[in-house]
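The sequence and structure come first.

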Amino acid sequence: MKKVVLILCLMLTGSLWATEPQRMVKSAGQLAWEAVPDTLPDAEQVRIAREFLDQYPNDIPLLRSVQNVLNRKSDLTVDFWKERMDKSPTTANRYLYARKANDPAISKEQAEWMMKNDAGNFWGYYLAAVTEWSKETPDMKVVIDYFDQAIAKDPSRPEGWYYCGDANEQAGNLDRALQCYQAAKVVEPDDSSLNMSILSIYAQKRDADNYFALAAQLLPKEPPLQVELGMHNSGHKMTASDFSGQYTVLELFTYW
């Protein structure tokens, strides 16, 4: 009997996600990039970013961060990224070109190439999902399907899980959205913003028990400010410690 119960528990646990989330592991390139000080002059940051493009040519998560800096702090145009892709038409260079171009037709073309010729790569399906989602009237079923396929290729990418949650929330699939956000916390547990997404789902589902259970975990352990309030017909002075760890409604009034 115990074996049957154990099997059922494992089946229920496995059915929570079609693909099990895996904790994200940063590459050597990402760790090296994070070690570059933000205080460096812009010209030096651009120089280092250009070096990283050549040192880690296939590390798309890293290259996204590198491209962000180059977009903000250099005069590189979309022609630079197109020339780079034409010279070396890899998945990474196609993705960077599409990302910089910000043109639905270009993004669709590159996503289709990536899914056909590099079918095991997360980023082709991710790009296809984002491209469909950017339409004025996107087909959210198509968007969600592409995100699901992207996640299946690499369940350690937080972007897949987070936008899977966002897309399902927009489509009204609140249970699936909650699963995706919870999976994103497994992948990137240090991302505290995911708690707000989960709270939003609980609020929409009118799930007060889970909402306040999670909210209570997020309350600061120390009083955020110092107050001292007198109480009517009482010698007790209310301070912030009286409110610590609980929700409190203060009704204040004065005669003017």
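## Terms and basis

A salt bridge is a side-chain nitrogen of Lys or Arg within 4 Å of a carboxyl oxygen of Asp or Glu. The model is predicted, so local features need pLDDT of at least 70 and side-chain atom pairs count only at pLDDT 80 or more, while totals for chains, interfaces and linings use all residues. Residues are numbered from 1 along each chain as its sequence is written, and side-chain values use heavy atoms, with hydrogens and water left out.

## Salt bridges

Side chains of opposite charge can pair when their charged atoms come close. The structure holds twelve salt bridges. In one of them, aspartate 86 meets lysine 82 at 3.0 Å, N to O. Both belong to helix H5 (residues 78-87), and because they are four residues apart there, about one helical turn separates them. Helices (H or I, at least four residues) and strands (E, at least two) are DSSP runs, numbered from the N terminus. Aspartate 86 is partly exposed at 47% relative accessible area, and lysine 82 is partly exposed at 34%. Here buried means under 20% relative accessible area, exposed means over 50%, and partly exposed lies in between (1.4 Å probe, protein chains only).

Glutamate 132 pairs with lysine 135, their closest N and O atoms being 2.8 Å apart. Glutamate 132 is buried, at 11% relative accessibility, whereas lysine 135 is partly exposed at 44%. Aspartate 175 forms a salt bridge with lysine 205, with 2.5 Å between the closest N and O atoms. This pair links distant parts of the chain, 30 residues apart: aspartate 175 is in helix H11 (residues 174-187), and lysine 205 is in the loop between helix H12 (193-204) and helix H13 (208-218). Aspartate 175 is partly exposed at 48% relative accessibility, as is lysine 205 at 33%. Elsewhere, a network of salt bridges links Glu44, Arg47 and Glu51.

## Packing of H7 and H8

Two packed helices are described by the angle between their axes and the distance between the axes. For helix H7 (residues 104-117) and helix H8 (residues 122-133), the axes come within 8 Å and cross at roughly 150°. H7 is therefore roughly antiparallel to H8. Axes are lines fitted to C-alpha atoms, for helices over the stretch in contact, and angles run from 0 to 180 degrees between N-to-C directions. Angles over 145 degrees count as roughly antiparallel, under 35 as roughly parallel, 65 to 115 as roughly perpendicular and the rest as oblique.

H7 contributes Pro104, Ser107, Lys108, Gln110, Ala111, Met114 and Met115 to the contact, and H8 contributes Trp123, Gly124, Tyr125, Leu127, Ala128 and Thr131. Contact means heavy atoms within 4.5 Å. By class, the contact residues of H7 with H8 are eight nonpolar, four polar and one charged. Ala, Val, Leu, Ile, Met, Phe, Trp, Tyr, Cys and Pro count as nonpolar, Asp, Glu, Lys and Arg as charged, and the others, Gly among them, as polar.

Arginine 157 lies in the loop between helix H9 (140-153) and helix H10 (158-171). Arginine 157 is buried, with a relative accessible area of 8%. Leaving out residues up to four places away in sequence, arginine 157 touches Met24, Pro61, Phe122, Trp123 and Val187.

Threonine 248 is located in the segment after strand S2 (237-239) and is partly exposed at 37% relative accessibility. Threonine 248 and arginine 23 are 225 residues apart in sequence and 37 Å apart in space, C-alpha to C-alpha.
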